[in-house]
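I have a new model open and am jotting down what I look up as I go.

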Amino acid sequence: MSVGVEHYVLLSLALFCIGLFGVLTRRNALMFLMSVELMLNAANINLIAFAFYHGNLTGQVFALFTMALAAAEVAVGLGIILVLYRNFRDVDVTVPSEMRW
Amino acid sequence: MMIETLLAVTFAGALLTFLAPNRIAGKLAFAISLIPAGLSLWLFTMFDGSGNALLEGGELAFENQITWISLGAYEISWYVGLDGISLPLVVLTTVLTTLAIVSSWTPIDMRESQFYGLVLFIEANLIGVFVALDFFMWFIFWEAVLIPMYLLIGVWGGPRRKYAAIKFFIYTNVASLVMFGAFMALVFSLDVTSFALPEVTQAMLNGGPESFAGVGGSTVASLVFIAMFLGFAVKVPVVPFHTWLPDAHVEAPTPASVLLAGVLLKMGTYALLRVNFTMFPDQVEAYAIPIAVIAVISVIYGAMLALAQTDLKRIVAYSSVSSMGYVILGLIAYTNFGVGGATFQMVSHGLISGLMFMAVGVIYNATHTRMVTDMSGMADKMPIAVGILIAGAFGYMGLPLMSGFAAEYFIFFGAFGSEVLEYAPLFTALAMFGIVIVAGYLLFAMQRTLFGPYRLETDYEVSRAPLHDVAPMFVLLGLIIALGVAPELILEMIFDAVDPILGGDA
Amino acid sequence: METAFELAPAIVLLPLAAFVVALLFGEYMPKKGAFAGIVATAASFLLSLYVLAAVASGGEFQETYFTWAAGDALSETGETTIEFTFGILLDPLSALMLVIVTLIAFLVHVFSLGYMNDEGETGLRRYYAELGLFTFSMLGFVVADNLLMAFMFFELVGLCSYLLIGFWFRTESAPSAAKKAFLVTRFGDYFFLLGVVAIGATFGTLAFQGDGSFVAEASSAIDANETLFGFDAETWVTITGLLVLGGVIGKSAQFPLHTWLPDAMEGPTTVSALIHAATMVAAGVYLVARMFGYYALSPTSLAIIAFVGGFTALFAATMGVVKDDIKQVLAYSTISQYGYMMLGLGVGGYVAGVFHLMNHAFFKALLFLGAGAVIVLMHHEQDMWKMGGLKDKAPVTYYTFLAGALALAGIIPFSGFWSKDEILFDAIILGLEEPIFLAAYAMGLLAVFFTGFYTFRMVFLTFHGEPRSDAARDPHPIGWNIKFPLVTLGVLALVAGVANLAPVGKLTGLEITYLEFWLDGQYGGYADLTYSEYGDTVPFETTYIAGSETITLLIAAGLGLGLAVGGAVFAMVLYNVPEPVPHTENLGSARTVLRSNYYQDEYQVWLAEKFTLPLARTADRFDQSVIDGVVNGVSSVSLFGSSRMQRLQTGVVTNYAALIIAGFIALLLVLGVLGGWFV
């Protein structure tokens with residue numbers, strides 16, 4: 001018995017919502033970043049699930065791309081967080097709001 | 001390939017000047033600008049075109065068309081060429097730029113290389129506007145002119161330069177947007193495969209637009225006509241879209257004013273002639289009276305505003321509004337002399353307003369004030385510069401044997417006998433009254449600033465203007481008188497290109 | 001004869017060359033370029049005499065030298081093209097005028113040697129250059145063979161007068177007077193230019209002469225009863241003719257555009273002489289004579305010309321009575337005399353008008369140069385109340401000035417009498433038929449008395465009685481260069497009347513009206529530009545008193561002469577006393593009105609400064625507040641809107657994320673509703 005594609009989609013949906021919830025509610029930048037990672041991986045699961053469903057490798061290839069991208073993003077993101085901390089002595093994302101106008 | 005060479009040389013010259021050290025930038029820019037000036041004069045002597053560039057039977061000089069981009073069903077091409085309308089304007093641009101560069105040697109004392117680089121960059125784009133025959137290409141040059149002018153006003157301008165520069169930029173940019181949208185609507189409603197202006201024109205004249213976005217063909221044509229008119233009207237400018245002009249002029253440094261009044265305003269009337277008055281003969285007839293009313297209001301109202309000013313530059317700026325009103329009157333007359341005279345007036349006003357701004361600039365260099373109330377008797381201290389200013393002022397007033405009179409006379413003569421415009425004699429008579437008001441404000445201003453006992457409110461020692469300030473004015477004066485004595489120098493060429501618009505033979 | 005005509009362009013161009021030479025090299029030349037002007041005008045004068053002789057021996061000449069512009073233009077009468085050209089037309093009228101202009105320009109140049117150079121004047125180079133340009137412009141105007149060319153040089157004449165009136169630009173008054181002169185005449189020229197444009201657009205030609213001239217076209221249009229620009233042909237001819245007349249009224253200083261002329265006395269006296277006698281002011285009347293064939297087509301415009309002329313003659317003469325400045329008196333006399341010429345032309349007296357133009361050129365140049373000599377004598381004092389007793393100290397000046405004054409007053413046998421008499425005679429015989437002209441005649445006649453009075457008031461105050469100032473007791477000496485022009489013109493003022501002794505001719509039956517024969521083309525000239533041709537066109541009838549020409553002639557001449565002598569005698573009684581007193585005070589409030597020039601200046605200044613300027617300021621305020629207000633308003637509204645909108649951008653990343661999500665959901669919902677998912 002194989003697991004249907006809808007299960008994967010549900011899993012991805014759940015993961016995405018968790019990530020989204022994190023993005024919307026967390027003020028700690030690290031938690032924020034992790035939530036974004038969750039959302040990205042939700043998308044990855046979707047990609048792989050549909051690649052499996054359609055029987056081709058395009059989705060998997062893109063998933064690999066996304067992972068690489070996510071790694072790069074984490075690197076940049078952590079960098080930003082470090083700078084944030086250095087400037088504000090805090091990693092609360094609501095504190096730095098100078099960059100608006 | 002001559003036109004390409006002209007453009008390439010000018011762009012390259014602009015780049016070179018940017019990189020040059022400030023110390024030599026002025027002289028270098030002058031030397032470089034002699035090349036396009038010489039080239040354009042050479043083009044002028046080699047000109048072998050006939051007819052109108054956009055119409056059937058037009059033989060373009062130095063024509064070149066290469067497909068550039070294919071966009072679905074449409075092609076964008078590099079398409080250049082010259083006819084009797086555009087060539088005089090190209091020559092005007094190159095000559096005036098050269099002279100403007102010389103006249104900036106005294107007043108410009110910071111970031112010289114950038115300044116002269118931008119001036120040359122404007123020149124290149126202006127040439128582009130007048131030689132381009134593909135709408136896209138033309139539009140790129142049209143918009144590219146704005147940026148350097150914005151910088152010239154915004155960086156080297158007077159105390160309120162930021163306000164003036166932003167106003168100038170936004171005003172003309174919004175107008176461009178309206179015009180661009182209208183032109184796209186026109187192209188999409190026509191059966192054409194490219195943005196080449198001749199193709200669009202001929203499609204307009206042979207059938208006109210089909211319905212577009214649920215609007216009927218003739219309505220599309222009318223709407224496009226109005227939108228394009230408004231778009232160009234800002235650039236001209238006609239009342240009530242003129243308020244950016246005095247602000248821009250007053251704040252701009254002298255050479256920028258020279259180019260702004262001398263050539264940039266002509267982009268508007270040139271485009272009006274090329275688009276509205278060539279592609280839409282039916283609409284011209286339909287909207288003749290409102291446009292003539294606008295023209296008359298521009299002339300009289302602009303002149304009245306000039307009468308109320310006490311800043312010499314503002315006086316000249318408002319009188320530009322007035323003079324451009326004559327151009328609109330000539331265009332709407334839709335007769336050979338009207339349209340031909342309007343084109344002649346573009347060149348003539350370019351020369352005369354350039355001369356006036358230079359002369360005011362020279363006085364400002366010496367006195368550091370432009371207020372009429374701050375000085376008198378300047379003729380005593382700087383006789384040569386003042387003599388030229390007087391000559392220029394009389395040129396502005398339309399003194400015979402100077403180009404201004406020729407232009408105004410052709411326009412009045414053409415307008416009086418207009419078939420398209422109802423009540424043409426009445427409109428002509430009203431607009432002509434501008435020649436009295438223009439004499440009024442210029443004479444009043446001259447009497448108060450140039451004559452009478454010497455008096456100056458600012459703490460500067462006034463001495464005679466240096467040769468390089470006066471020399472360009474002499475050149476302009478010579479050109480003004482040459483065109484006034486022998487308008488046929490360019491009029492023949494202009495008529496040749498104008499006749500086909502009005503249904504005559506090429 | 002051919003040579004004379006071939007050399008004709010040189011007449012015009014020589015003074016231009018003098019202008020260029022004086023402008024470029026004047027500083028390095030002796031007398032600052034004066035000799036360039038003297039040589040050029042002398043050569044022009046000789047060439048003009050040559051041309052005059054050529055015309056007299058049966059020649060006429062028209063040649064187009066240069067096409068200024070040409071193009072397609074559909075005229076109202078069906079011409080499809082039009083050419084604007086520069087050409088020369090030499091016929092009796094222009095040949096005569098050439099001689100007058102070049103002679104007076106030459107004498108003024110010579111006189112300037114004494115008048116300007118002796119005073120340590122700066123700017124002489126400019127002066128002589130402008131004088132040359134002035135002469136060039138006027139000569140170009142005189143020989144013009146078409147209306148546009150005439151207009152162009154007409155304007156150049158205006159420019160030169162502006163420059164020369166404002167010659168002493170360091171003063172407050174001269175630039176103001178120059179501005180006024182240009183502006184007022186410009187107002188007239190506005191109508192002139194409109195007329196030129198209208199005539200060109202109507203007939204497709206602007207030529208003065210020939211079958212294709214606008215006069216001939218207009219004549220045939222009237223005959224064919226055509227409709228031109230919505231009017232019947234004759235009305236349209238009247239309208240366009242009156243438009244051109246606007247320029248004439250401005251330049252010839254006719255009411256109501258005469259106000260610039262008295263102010264123009266701010267210029268050097270030599271310039272006044274040139275302006276009043278031969279150039280600027282003469283240009284207007286000359287233009288009417290030049291296109292007289294056109295005015296002859298329209299009785300209405302002739303009547304208006306006559307009436308304006310007659311009114312101006314009287315109006316200006318009354319103002320001349322109360323002036324204290326010698327140049328002011330002469331200024332008003334000029335306005336008045338040109339009024340006579342207009343009157344003469346308006347009543348169809350083409351010969352009379354031109355005759356007076358010629359005589360006036362001589363005696364007015366004489367009077368102005370004489371006044372210039374007086375001013376030199378008086379160390380630059382112009383107030384007549386400070387003069388007196390110059391008669392014995394400067395006999396040459398006195399006798400020549402007296403000759404001019406007698407001519408101006410119209411006392412037999414001086415030239416002015418003959419021409420003025422002829423004008424008044426032409427007016428009365430027409431006036432007896434048409435009452436409107438009788439009114440014009442009456443004004444002209446009345447003005448004769450005032451002319452006699454103010455002229456001799458001026459003479460007596462200046463030269464007679466006891467000296468009333470130190471300068472008058474010890475006058476500055478004057479040289480040959482002042483005396484020579486005075487004597488030349490003095491002789492001419494005396495004898496120029498011989499050219500057309502019409503009354504003598506009529507009484508004796510002798511054929512001695514040479515000027516009439518001359519202008520009638522009997523010696524040479526174009527058939528369509530002759531007096532008899534005009535006479536056939538003018539639709540007026542004339543009547544004689546008691547049906548006799550002789551009686552009418554004698555009555556008219558007697559009236560004119562009697563009034564002139566009466567005025568002169570009245571002046572003698574009042575002012576030819578050792579210590580004259582200002583009798584004008586007895587005039588009471590009339591004096592105030594007269595000295596204020598009937599408040600003509602006031603209302604024109606009011607129009608300029610109290611009406612136009614506030615209107616302009618209002619327009620400016622409107623522009624700044626309403627039109628620019630809208631522009632700035634648009635920007636303010638955008639700025640205000642964006643200042644509200646920018647609050648959305650909190651800078652808190654979480655809020656952005658929430659907005660993105662909310663936007664996404666909203667988009668999803670909208671697409672869903674539109675796509676019918678929820679049905």
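Two strands pair if DSSP finds at least two bridges between them.

**Ground rules.** This is a predicted model, where local features need pLDDT of at least 70, side-chain atom pairs count only at pLDDT 80 or more, and totals for chains, interfaces and linings use all residues. Residues are numbered from 1 along each chain as its sequence is written, while chains are lettered from A and ligands numbered from 1 in the order in which they are written.

**Confidence.** I looked up the model scores and found ipTM 0.93 and pTM 0.90.

**Hairpin in chain B.** I went to β1(B) and β2(B), which form a hairpin with two residues between them. In the turn, Gly72(B) has a positive phi of about 55 degrees. Strand β1 of chain B covers residues 61–71 and strand β2 of chain B covers residues 74–82; they pair in the antiparallel sense over eight bridges. I checked one position across the pair: Asn64(B) faces Val80(B) in β2(B).

**Which chains touch?** I counted two residues as in contact if their C-beta atoms, placed from the backbone, lie within 7 Å. Two pairs of chains touch, and chains B and C have the most contacts. Chain A and chain B do not touch, with their nearest C-alpha atoms 19 Å apart.

**The B–C contact.** Here 42 residues come from chain C and 45 residues from chain B. On the chain C side, the elements giving two or more residues are β1 (61–72), α6 (147–165), α7 (173–203) and α28 (600–645). I note that α7(C) gives the most, with 14 residues. By type, this side of chain C has 25 nonpolar, seven polar and 10 charged residues (Ala, Val, Leu, Ile, Met, Phe, Trp, Tyr, Cys and Pro count as nonpolar, Asp, Glu, Lys and Arg as charged, and the others, Gly among them, as polar).

**Chain A.** I found three helices and zero strands. The radius of gyration of chain A is 17 Å, well over the 13 Å that the globule rule gives for 101 residues, so chain A is more spread out than a compact globule. (The radius is taken over C-alpha atoms, and the rule is 2.2 Å times the number of residues to the power 0.38.) Along the principal axes, the C-alpha atoms of chain A fill a box of roughly 55 × 25 × 25 Å.

Technical notes:
Helices (H or I, at least four residues) and strands (E, at least two) are DSSP runs, numbered from the N terminus.
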